[in-house]
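Hello,

Here is the structure I promised to pass on. My notes follow below it.

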Amino acid sequence: MSAGRIPRLGATRGLHHGLLVGDLEGKTGLIVGVANKRSISWAIAQAASAGGASLVLTYQNDRLAENVRELAATLPNVTILPCDVASDDQITALFATIEGQFGGLDFLVHGVAFAEREDLATPFSQTSREGFRVALDISAYSLIALARGAAPLMEKRGGGSVLTLSYLGSQRVFTNYNVMGVAKAALEASVRYLASDLGPKGIRVNAISAGAIKTLAAYGISGFSGILQAYRDKAPLRRAVDTSEVADAAVFLLGPTGRAITAEVLMVDAGFHAMGV
Ligand SMILES: NC(=O)c1ccc[n+]([C@@H]2O[C@H](COP(=O)([O-])OP(=O)(O)OC[C@H]3O[C@@H](n4cnc5c(N)ncnc54)[C@H](O)[C@@H]3O)[C@@H](O)[C@H]2O)c1
């Protein structure tokens, strides 16, 4: 887990600007996707908070509310609000509350994905129409809906940064990743179209493609431990990654150090994506 203040890059690398990686002092961020302490979004929340940001964390439903409330209580300046991304009304209400409370928004983290369990265990050709619809709606369309809600609030701050979480299954076949791979391909294409659309307003849109990590979402994928082992065996760094490593890259993209980066999918996967056989 990210702990304490983020180190000053300039101290070791002679940076001219004196920028701090992950310096989010005075910024307000919305983080959608915390389910429990293993969530990638929770690690990003911790790193963003360590960088000085005030945060809004959302919870998907009442079942997860208590988890999120308990985690939020460990950080300063955190507001928690409900948001099921399948509901346009909840998304509208979320941004209305944020506007009322903060008057603007500097960054948005989208760490949401869902597919029906059977679609992550059966042959891909068996994907149902409804399973496809749900996976694409929750895992890809929700980025568009949230970015649309965030954009006017980011304009009030003179721009902003949107970040989503993807996986290499968007480009390569991973056993049982199935419809989620298709959803991630749609998500990454949405990153580029949103970046083009919102860039003139000073809003950047990027994705991190994270290596495999054992989280709640990962438990839904049959044979996930085999995928994890492949990172240990084959990745250039001969290991998997952890959520704090994804979070460090996230705050780099969210903050001023990422100010010229948009429409990008940044691989944070110990180099696994580069390997063939
Ligand atoms: N764990 C991995 O190996 C890995 C690798 C690369 C990318 N990712 C991506 O990272 C993101 C976060 O996943 P994670 O691994 O931290 O698992 P996670 O289960 O902790 O997070 C997934 C989140 O999606 C939320 N969610 C699902 N349906 C929702 C809905 N209808 N409304 C609102 N929220 C909803 C869940 O509440 C949960 O908080 C996902 O997009 C996932 O695909 C994960």
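Buried here means under 20% relative accessible area. Among the buried residues of α2 are Ile40, Trp42, Ile44, Gln46 and Ala48. Just after α2 comes Gly52, which takes a positive phi of about 105 degrees. Please keep in mind that this is a predicted model.

Next, the ligand. It takes up the space of the largest pocket. There are 27 residues around the ligand. Ser39, Ile40, Gln60, Ile213 and Thr215 come nearest. Ile40 is also one of the buried residues of α2.

- Ile213 uses a backbone N or O atom, at 2.7 Å.
- Thr215 uses an N or O atom of its side chain, at 2.5 Å.

On its own, the ligand has 810 Å² of accessible area, and the protein covers 93% of that. Two further elements belong to this picture. Strand β5 (160-166) and helix α7 (216-219) each supply at least two residues of the shell around the ligand.

Now Phe107. This residue sits in strand β4, residues 107-110. Is Phe107 buried or exposed? Its relative accessibility is 1%, so Phe107 counts as buried. The cut-off for buried is under 20%. Leaving aside neighbours within four places in sequence, Phe107 is in contact with residues including Leu24, Leu30, Ala53, Leu55, Ser161 and Leu254. Ala48 is also on that contact list, and Ala48 is a buried residue of α2. Met154 is another contact of Phe107. Phe107 and Met154 are 47 residues apart along the chain, yet their C-alpha atoms are separated by 7.5 Å.

Last, Thr257. You will find Thr257 in the loop between α9 (243-254) and β7 (265-268). Thr257 counts as buried because its relative accessibility is 17%. Which residues does Thr257 touch, not counting those up to four places away in sequence? They are Leu19, Leu20, Val21, Gly22, Val251 and Phe252. With Phe252 there is a polar pair as well: a polar atom of the Thr257 side chain lies 2.9 Å from the backbone oxygen of Phe252.

Best wishes

How values were computed: Residues are numbered from 1 along each chain as its sequence is written. This is a predicted model: local features need pLDDT of at least 70, side-chain atom pairs count only at pLDDT 80 or more; totals for chains, interfaces and linings use all residues. Side-chain values use heavy atoms; hydrogens and water are left out. Helices (H or I, at least four residues) and strands (E, at least two) are DSSP runs, numbered from the N terminus. Buried means under 20% relative accessible area, exposed over 50%, partly exposed in between (1.4 Å probe, protein chains only). A polar contact is a pair of N or O atoms within 3.5 Å; within protein, one must be able to donate a hydrogen and the other to accept it, and residues adjacent in sequence count only if both atoms are side-chain atoms. Contact means heavy atoms within 4.5 Å. A residue is near a molecule or strand if one of its heavy atoms lies within 4 Å of it. Accessible areas come from the Shrake-Rupley method with a 1.4 Å probe; for residues, only the protein chains shown count as cover. On a 1 Å grid over the protein atoms alone, a cavity is a set of points where a 1.4 Å probe fits but cannot get out, and a pocket is an open set with protein on both sides within 12 Å along at least five of seven lines; lining residues have an atom within 4 Å of a point. A molecule sits in a cavity or pocket if more than half of its atoms lie within 2 Å of its grid points.
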